[in-house]
Amino acid sequence: YLQQLSSHTFESNYQVDVFFARQCLLFGGVWLLGAAWVISARAELSLLVGITVLAGLVSLWPLLRLKQQQRHLKKQMQRDFPFMLELLCLSVESGHGLQHALWLCSTELQAGPLQQQLIKIQESMRAGLTREQALEQFAQQTDLDEARSFVAALQQSIELGGRLAPLLRQQAQQRRQERFLRAEKQALEAPVKMLAPLVLCIFPCTFLVIAYPLFFQLWQQL
């Protein structure tokens with residue numbers, strides 16, 4: 001599971017054994033500190049159960065951080081995907097082949113996870129994989145619905161002998177529309193997310209400012 005999850009972080013130097021070692025160090029460090037406190041304070045030994053649970057929760061922090069990094073990278077790729085499709089469409093319309101268009105996209109895109117995946121496509125094809133296999137690997141590693149839809153439509157168009165430029169233009173327009181809908185959804189969710197800070201932080205302070213003079217006047221009258 002960790003190997004599958006770490007494959008989506010797009011880090012070639014990522015190692016699962018290092019990840020597991022960090023978890024063990026966190027668990028052992030927290031547990032030893034808790035045990036030392038129990039012994040020095042002469043507390044009940046039953047507290048070791050709670051310390052063990054606390055150490056287990058702390059050891060989950062690297063996994064949560066890895067998942068957060070994966071979500072952040074996927075958001076970056078979703079943001080850059082329409083621009084990549086537009087570059088592909090312009091390159092194909094200007095007469096370049098698909099493989100050369102992918103190389104142009106890897107050089108023109110800003111540094112990020114999507115650019116790294118395009119570079120991996122070139123490296124996979126130079127290593128001996130076919131173009132279809134490299135694209136399938138691209139869709140699997142990015143773990144994006146947009147990438148899977150793009151690869152499936154691209155392979156179908158190649159098999160049927162259709163033109164790539166109209167397909168890429170349609171894919172780019174669809175991805176831009178989806179990005180606009182995601183932004184609109186986040187804008188509609190913003191007032192709901194602001195409700196909790198308003199109720200917990202701003203409203204109590206406002207009520208305190210309003211109620212303090214009334215309370216002070218009542219206190220003087222008494």
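Tutor: A cavity is a set of grid points where a 1.4 Å probe fits but cannot get out, and its lining residues have an atom within 4 Å of a point. Keep in mind that this is a predicted model.

Student: How many cavities of 30 Å³ or more are there?

Tutor: Rolling a probe the size of a water molecule over the atoms shows where empty space is left. With a cut-off of 30 Å³, the count comes to one cavity.

Student: Let's turn to the helices. Do helix 4 and helix 9 count as roughly parallel or roughly antiparallel?

Tutor: Helix 4 covers residues 61–93 and helix 9 covers residues 164–221; their axes lie 8 Å apart, at an angle of about 160 degrees. Angles over 145 degrees count as roughly antiparallel. Helix 4 and helix 9 are therefore roughly antiparallel.

Student: How many nonpolar, polar and charged residues make up the contact of helix 4 with helix 9?

Tutor: Helix 4 passes helix 9 in a left-handed crossing. The contact uses residues from both helices, among them Phe81, Leu85 and Leu88 of helix 4 and Leu164, Leu168 and Ala172 of helix 9. By class, the contact has 11 nonpolar, two polar and eight charged residues.

Student: Which helix gives the largest share of the lining of the largest pocket?

Tutor: The largest pocket holds about 270 Å³ of space and is lined by Arg71, Lys74, Lys75, Gln78, Arg79, Arg179, Arg182, Ala183 and Gln186. Helix 4 and helix 9 are the elements that give two or more residues to this lining. Sorted by class, the lining has one nonpolar, two polar and six charged residues. The largest share, five residues, comes from helix 4.

Student: What about helix 8 and helix 9: is their crossing left-handed or right-handed?

Tutor: The axes of helix 8 (residues 145–160) and helix 9 come within 11 Å and cross at roughly 165 degrees. That angle is over 145, so helix 8 and helix 9 count as roughly antiparallel. Helix 8 passes helix 9 in a crossing that is right-handed.

Student: How do the residues in the contact of helix 8 with helix 9 divide by class?

Tutor: On the helix 8 side, the residues are Glu146, Ser149, Phe150, Ala153, Leu154, Ser157 and Ile158. On the helix 9 side, they meet Leu164, Leu167, Leu168, Gln171, Arg175, Glu178 and Arg182. By class, the contact has seven nonpolar, three polar and four charged residues.

Student: And are helix 4 and helix 8 roughly parallel or roughly antiparallel?

Tutor: Their axes come within 10 Å and cross at roughly 25 degrees. Angles under 35 degrees count as roughly parallel. Helix 4 and helix 8 are therefore roughly parallel.

Student: Which residues of helix 8 meet helix 4?

Tutor: Helix 4 brings Gln78, Phe81, Met84, Leu85 and Leu88 to this contact. The residues of the contact divide into six nonpolar, one polar and one charged. From helix 8, the partners are Glu146, Ala147 and Phe150.

Conventions:
Residues numbered from 1 in each chain as written. Predicted model: local features only at pLDDT ≥ 70, side-chain atom pairs only at ≥ 80, totals over all residues. Heavy atoms only, no water. 1 Å grid on protein atoms, 1.4 Å probe; cavity = no way out; pocket = protein on both sides within 12 Å on 5 of 7 lines; lining within 4 Å. Points joined across faces, edges and corners; volume = space filled by probe spheres on them. Axes fitted to C-alpha atoms, helices over the stretch in contact; angles between N-to-C directions. Helix = DSSP H or I, 4+ residues; strand = E, 2+ residues; numbered from the N terminus. Parallel < 35°, antiparallel > 145°, perpendicular 65-115°, else oblique. Left-handed = near helix turned anticlockwise from the far one by under 90°. Contact = heavy atoms within 4.5 Å. Nonpolar A, V, L, I, M, F, W, Y, C, P; charged D, E, K, R; others polar.
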